Amino acid sequence: AAVGVSKLLQRNEYKAVVNIKVVPAPRGPSDPSIYDPYFLLTEFETIRSHVVLSDVIVTLDLDELWGNKYNRGKRLSGSDTEEMIKRHLEMRSIRNTKLIEISVFDDDPAEAAKLANAIARQYCEYKTGEFRRITLAAGKPGEPLKFEAPEVVDPAIPQMRPIGPNRYLGGAMLG
C-alpha cells in the first residue's frame, strides 16, 4: 500500500523529443567519404558540451527560471544549471539513419519541448559556425569543401500525456 501511495503522489514526467539530421563533415575534397566510427559519440558529447549548453542557458534564462523553481528563488550558477540540463537530457542515434534523437524529460511539457528545441537549434548553429571557421582558417583556393549543415528534422512539441509515473500500477498496489 505504501508503494502504491508513493506512486500516486509522484510528479508527472513528460518527454519531449527532437530529431536532428547530421552528416559528417568532409575531411578533404579528394576523399569526402571516410568513415568515422566515433562520429556519433563525438556529436553526442558536442551536444552535451559547455559551448552548446551555456548558450542554451543564456537564451532561455534557465539559471533564473530554474533557480526560482528548484532553488527557492535563488539564481543557480551556470555549472549547476548545466548539470541539471545533462540530467534531463538523453540522446540516441536512430538506427540506419543519419538522425540523432534528443530527448528531454521534465515535469512541465512545454518547458521540456522548449528546452529540447533550444538544444537542437544551438547545436546546429554551433556546427555551422565551426565549419565556417575551419574553411576560413584553411584559406586554400581550389575545390571547395561541401558541407551539409545539421538541421532539425522533427521539432519537439509539448506532450499531453505523461510518461510516468504509472498511476494504474500505483492504484493497483494501493488496492
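Modeller: A residue is called buried when its relative accessible area is under 20%, exposed when it is over 50%, and partly exposed in between, with a 1.4 Å probe and protein chains only. By that rule, 35% of the 175 residues of the chain count as buried. This is a predicted model, in which local features need pLDDT of at least 70, side-chain atom pairs count only at pLDDT 80 or more, and totals for chains, interfaces and linings use all residues. Residues are numbered from 1 along each chain as its sequence is written, and side-chain values use heavy atoms, with hydrogens and water left out.

Colleague: How many helices and strands does the chain have?

Modeller: Helices (H or I, at least four residues) and strands (E, at least two) are DSSP runs, numbered from the N terminus. The chain has 7 helices and 4 strands, in the order α-β-α-α-α-α-β-β-α-β-α along the sequence.

Colleague: Which residues of helix α5 are buried?

Modeller: In α5, residues 78–88, they are Thr-81, Glu-82, Met-84, Ile-85 and His-88. Viewed down the axis of α5, these buried residues fall within an arc of 160°, so they line one face of the helix. The arc is taken from the directions that run from the helix axis to the C-beta atoms. Helix α3, residues 50–60, has Val-52, Leu-53, Ser-54, Val-56 and Ile-57 as its buried residues. Just after α3, Asp-61 takes a positive phi of about 55°.

Colleague: What does Ser-103 touch?

Modeller: A contact means heavy atoms within 4.5 Å. Ser-103 is found in strand β3, residues 99–106, and is buried at a relative accessible area of 1%. Leaving aside residues up to four places away in sequence, Ser-103 touches Lys-15, Ala-16, Val-17, His-88, Leu-89 and Glu-90. His-88 is also one of the buried residues of α5.

Colleague: How is a pair of aromatic rings described?

Modeller: By the distance of the centres and the angle of the planes. Rings of Phe, Tyr and Trp (its six-membered ring) pair if their centres lie within 6.5 Å; planes under 30 degrees apart count as stacked, over 60 as edge-to-face and the rest as tilted. The count here comes to 1 aromatic pair. Trp-66 and Tyr-70 form it edge-to-face, at 6.0 Å centre to centre and 75° between the planes. The two are 4 residues apart in helix α4, residues 62–70, and so separated by about one helical turn. Trp-66 is buried at 0% relative accessible area, whereas Tyr-70 is partly exposed at 31%.

Colleague: How many salt bridges are there, by the rule?

Modeller: A salt bridge is a side-chain nitrogen of Lys or Arg within 4 Å of a carboxyl oxygen of Asp or Glu. The count comes to 12. In one of them, the side chains of Asp-63 and Arg-75 meet at 3.1 Å, N to O. That pair links distant parts of the chain, with Asp-63 in helix α4 and Arg-75 in the loop between α4 and α5, 12 residues apart.

Colleague: Where do Lys-69 and Asp-106 lie?

Modeller: The side chains of Lys-69 and Asp-106 meet in a salt bridge at 3.6 Å, N to O. Lys-69 is in helix α4 and Asp-106 in strand β3, 37 residues apart. Lys-69 is partly exposed at 32% relative accessibility, while Asp-106 is buried at 3%.
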